[in-house]
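User: Please take a close look at one strand of this model and its pairing. Then follow up with a helix.

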Amino acid sequence: MNPAYFIAHGAPTLAIENNPYTQLLQSVASRFPKPKAVLLFTAHWESPVQLIGAPEQFGMIYDFFGFPDDLYRIVYPAQGAPEVAEEARTLLDEAGIPAKIDRGRGLDHGAWVVLRLLFPHADVPVATLSVNPALPPEKQYAIGWALAPLRRDALILGSGGTVHNLWSLDWSREQDGFPADWAQSFDDWLRDRIENWDTRALFRYKSEAPYAHMAVPRNEHFVPLLIAMGSADGNRAARRLCQYYQYGSLSLSCWEFGTGGM
């Protein structure tokens, strides 16, 4: 079984940065054999119904403004994975989770920034998946669990961020790597619960985690973590490969789940 991953995609500029976090992401793919496909849940695709992106060839979505021109010239020519997308739809349907195939949507920056760092040659087919922030945490986890069989030869990724509060960023602290105390307190709480696979507490993070209201003002960036973790429920092992901060509170973390068999 391939591991599953949660990867914080940070700001779009992560695509052209060189720091301890990007260096770690560039090495992640060496930890497992090349997968048949990647199934990537992106925080930047929200839908009340589970959607699975399966074009033959992905286009680019530059879903940001005011950033360096170089970012708008990046093209990541990912091929779609329609067969794997159909397998995912079938598994979700069998689990009672309605899902639909979308053959037209391109890659948003939550997808292509991460994919470009992991697989710079765009040589692994991709299926993107939406998130539904309205679902409770246990339902998010169940989506990942339903897709767990695909980890035999595909890679499941959740792309988002654990601390993602754009109103709290300190723009004077771009690359110092040091977190605001409240952001680190939330991530420290999260690390303990994830490493101990304490889903009871994780599902209640809004009321139990310190500074949860600041770390997760909206949950669309948080739920990919629960989905990736759920896909590894059969082998409850978790390892944080990297934790880095930008702008004081933009948390860049990479979590590996489920190393070994189901």
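Analyst: Val38 stands opposite Leu155 in strand E6. Strand E2 (residues 38-46) and E6 (residues 155-160) pair in the parallel sense over 5 bridges. Two strands count as paired if DSSP finds at least two bridges between them. Strands (E, at least two residues) and helices (H or I, at least four) are DSSP runs, numbered from the N terminus.

E2 also pairs with strand E5 (residues 126-131): 5 bridges join them, and they run parallel. In E5, the bridge partner of Leu40 is Thr128. E2 is mostly covered, with 7 of its 9 residues buried. Buried means under 20% relative accessible area, exposed over 50%, partly exposed in between (1.4 Å probe, protein chains only).

This is a predicted model: local features need pLDDT of at least 70, side-chain atom pairs count only at pLDDT 80 or more, and totals for chains, interfaces and linings use all residues. Residues are numbered from 1 along each chain as its sequence is written, and side-chain values use heavy atoms, without hydrogens and water.

Now the helix. In H6, the buried residues are Trp182, Ala183, Phe186, Asp187, Trp189, Leu190 and Ile194. Seen down the axis of H6, they fall within an arc of 155°, so they line one face of the helix. The arc is that of the directions from the helix axis to the C-beta atoms. The buried residues of H6 pack (heavy atoms within 4.5 Å) against several elements, among them helix H10 (223-230), strand E7 (238-246) and strand E8 (250-257). After H6 comes Trp197, whose phi is positive, near 45°.
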